[in-house]
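Hello,

Here is the structure I promised to pass on to you.

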Amino acid sequence: MGRLLGVPIYVSPSWFLVAALVTVMFEGQVHDVVERPVSYLVAFLYAVLLYGSVFVHELSHAVTARVFGLPVRSVTLHILGGETSIEREAPTPGREFLIAFAGPLVNLVLAGLGLLTHALLPLPDVALLLVDALTFANLLVGVFNLLPGLPLDGGRLVRAAVWKATGRARSGAIIAGWVGRGVALATLVAGAFLATYGTGDDGGIGWLALLWSALVASFIWVGATHAIRAEHVRDRIPLLSARRLARRATLVTADVPLAEAVRRAQEDHAGAIVIADHDGRPLGLVNEKAVTATPHHRRPWVTAGDLSRGIDDDLTLPADISGDDLMDALRRAPASEYLLVEPDGRVYGVLATTDIDRAFTGI
């Protein structure tokens, strides 16, 4: 939709579904004070203002993060509210706390302003209805996001508090993740209770609450599970070693037929093919997927160089790189294969991202 304060703003197509649903549900209240079809326009205006509150919530996260020097990738509005994508985690628990608390704080402030507006200003019935509805919505969004479990803002507050108390961000994330799973189950139980006992004469409202609570609960459960899994992944990062994961490489010139290059690799018990000049200097990496996709009957007529890509500086890594340094190098230049070299420039082997992925399997 554009940029605000340098942050790209996106609106998911799912937002339009929610806007339509909110419009239909809220129109019944608006119809009590405004005739149709104007009541639908007012109800749609409420849907827009409601997501405006969500947008301000997410933007407050983004602005606070940028104040602390953290780059913000985007703000996205979607079916369950919004999401602020921050490229790096906060370096301290205090900054993590402030970034997380900024969103709910804005909603609670907006709810307070709504209460003051209702009490102090004489408003037409339509405006009063919108103010009251938005006040309740902001109060609900603020309080709900303060629930103590990831991926909600309250979960990040718990993470920051445990991080501060223990000195370990990992402990805070895992505890907040498990609490988030509990919040997800509680949300689902609350929806089931409303569907069973809170329907009154209109059972449709109760079942809609159950459906919505199930959607929200699944979102929280998945986010909490992802947070827990991410910490287990981080535990394995220091154990990653490019030298240990590397494949032995066979060096061939670019004009060697693919069939011959594969034969030499099998003979050398190698898992990768590197294009080199006649002096053995590496020039390119043969893509494993391209080799697999080439039928056997065509391999004698295709050269190894045809399936290779040049070796940029970012795709050449020291054989001894490991841990966070290795992960940072992969993020800087995403690719399927990397050339590993010894300090003297000799080719040690090839590191395939599929092998790195296997190192994380079972988490």
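This is a predicted model: local features need pLDDT of at least 70, side-chain atom pairs count only at pLDDT 80 or more; totals for chains, interfaces and linings use all residues.

Residues are numbered from 1 along each chain as its sequence is written, and side-chain values use heavy atoms, with hydrogens and water left out.

**Domains**

The protein is assigned domain 1 (1-146), domain 2 (158-237) and domain 3 (242-361); such bounds come from an automatic or database domain assignment. The centres of domain 2 and domain 3, taken over C-alpha atoms, are 43 Å apart. Their contact (heavy atoms within 4.5 Å) involves 4 residues of domain 2 and 6 residues of domain 3.

Together these two domains bury about 440 Å², with 61% of it on carbon and sulfur atoms. Buried area here is the accessible area (1.4 Å probe) that two parts lose on being put together, summed over both. On the domain 2 side, Val 233, Arg 236 and Ile 237 supply 92% of the area buried against domain 3.

Helices (H or I, at least four residues) and strands (E, at least two) are DSSP runs, numbered from the N terminus. Helix α2 (residues 38-67) has 30 residues and should span 44 Å at 1.5 Å a residue, which agrees with the 42 Å between its end C-alpha atoms; the expected span is 1.5 Å times one less than the number of residues. After α2 comes Gly 69, with a positive phi near 80°.

Most residues other than glycine have a negative phi, and most peptide bonds are trans.

Where are cis peptide bonds found? One joins Arg 36 and Pro 37, with omega about 5°, and Pro 37 sits in the loop between α1 (14-30) and α2. Another joins Leu 150 and Pro 151, where omega is about 5°; Pro 151 is in the loop between α4 (125-145) and α5 (153-166).

Best wishes
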